[in-house]
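The sequence and the coordinates are shown first.

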Amino acid sequence: MNRRRKFLLASVLALQNSSFIYPSCQKCFSRIILVSKRSNCPKCGSTGEAENAIYRYKLSLKVAESNKLFGITVFGSCLDAFFGLTATDLHRILKTSMEKIQVPVTSQTSAQTTRELKHL
Ligand SMILES: [Zn+2]
């Protein structure tokens, strides 16, 4: 892996992946597998509790610089400042929002649910 830092001043044309956070191994940063309440890293074998899983940003972008197109992937906490929170905190908010949406809608709660959805 090339560890030299490179700067690229480019225009973002498109986001290539719709799922831009992933549960990450705390040791090797690989994607971990969450099964029931346990987490498992297929790469280094690290295990843990699923509820303690940390999340990491992975943003795949199509960018343009001068007349060239590039596909780049930006990983990790350098995106915290861009999003205004860590990937783990963003995942927590998304999870809470999804739980609100999955509440069964009855005639009494539909107005309230509609209001909540407008705030998402
Ligand atoms: Zn690992």
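The model is predicted, so local features require pLDDT of at least 70 and side-chain atom pairs count only at pLDDT 80 or more, whereas totals for chains, interfaces and linings use all residues. Residues are numbered from 1 along each chain as its sequence is written, and side-chain values use heavy atoms, with hydrogens and water left out.

**Zinc site**

The zinc ion is coordinated at 2.3 Å by the SG atoms of Cys25, Cys28, Cys41 and Cys44. Donors are N, O and S atoms within 2.8 Å of the metal (3.2 Å for Na, K and Ca), and sites may look incomplete because water is not among the atoms. Angles among the four donor atoms run from 103 to 121°, and the site is tetrahedral; for four donors this term requires all angles to lie between 85 and 135 degrees. The spacing of the donor residues in sequence is C-x2-C-x12-C-x2-C. Cys25 belongs to the loop between S2 and S3 and Cys44 to the loop between S4 and S5, so this pair ties together parts that are 19 residues apart in sequence. Strands (E, at least two residues) and helices (H or I, at least four) are DSSP runs numbered from the N terminus.

The table lists relative accessible area for four residues. Buried means under 20%, exposed over 50%, and partly exposed in between, with a 1.4 Å probe and protein chains only.

| Residue | Relative accessible area | Class |
|---|---|---|
| Cys25 | 2% | buried |
| Cys44 | 40% | partly exposed |
| Phe29 | 43% | partly exposed |
| Ser36 | 70% | exposed |

**Sheet**

Three strands form an open antiparallel sheet in the order S3-S4-S5. Two strands pair if DSSP finds at least two bridges between them. S3 and strand S5 (47–49) are the edge strands, each with a single partner, so one side of each has no neighbour in the sheet. On average, neighbouring strands are turned by 25° against each other, direction ignored. The antiparallel pairing of S3 with strand S4 (residues 38–40) extends over three bridges, and Arg38 in S4 is the bridge partner of Val35.

**Nonpolar core**

The largest nonpolar core has 13 residues, and those with the most contacts inside it are Ile21, Ile32, Tyr55, Tyr57 and Ala87. Such a core is a set of buried Ala, Val, Leu, Ile, Met, Phe, Trp, Tyr and Cys residues joined through side-chain atoms within 4.5 Å. Strand S6 (54–65) and helix H2 (87–101) are the elements that give two or more residues to this core, and S6 gives the most, with five.

Ile32 lies in the loop between strand S2 (21–24) and strand S3 (33–35) and is buried at 8% relative accessibility. Contact means heavy atoms within 4.5 Å. Beyond its neighbours within four places in sequence, Ile32 is in contact with residues including Pro23, Cys25, Cys41 and Ala53. Ile32 and Ser46 are 14 residues apart in sequence, with a C-alpha to C-alpha distance of 8.8 Å. With neighbours within four places likewise set aside, Ala87 is in contact with Ile21, Tyr55, Arg56, Tyr57 and Asp80.

**Backbone angles**

Most residues other than glycine have a negative phi. Phe29, in the loop between S2 and S3, has a positive phi near 70°. Ser36, in the loop between S3 and S4, has a positive phi of about 45°.

How values were computed. Axes fitted to C-alpha atoms, helices over the stretch in contact; angles between N-to-C directions. Tetrahedral: all angles 85-135°; square planar, octahedral: opposite > 155°, others 65-115°.
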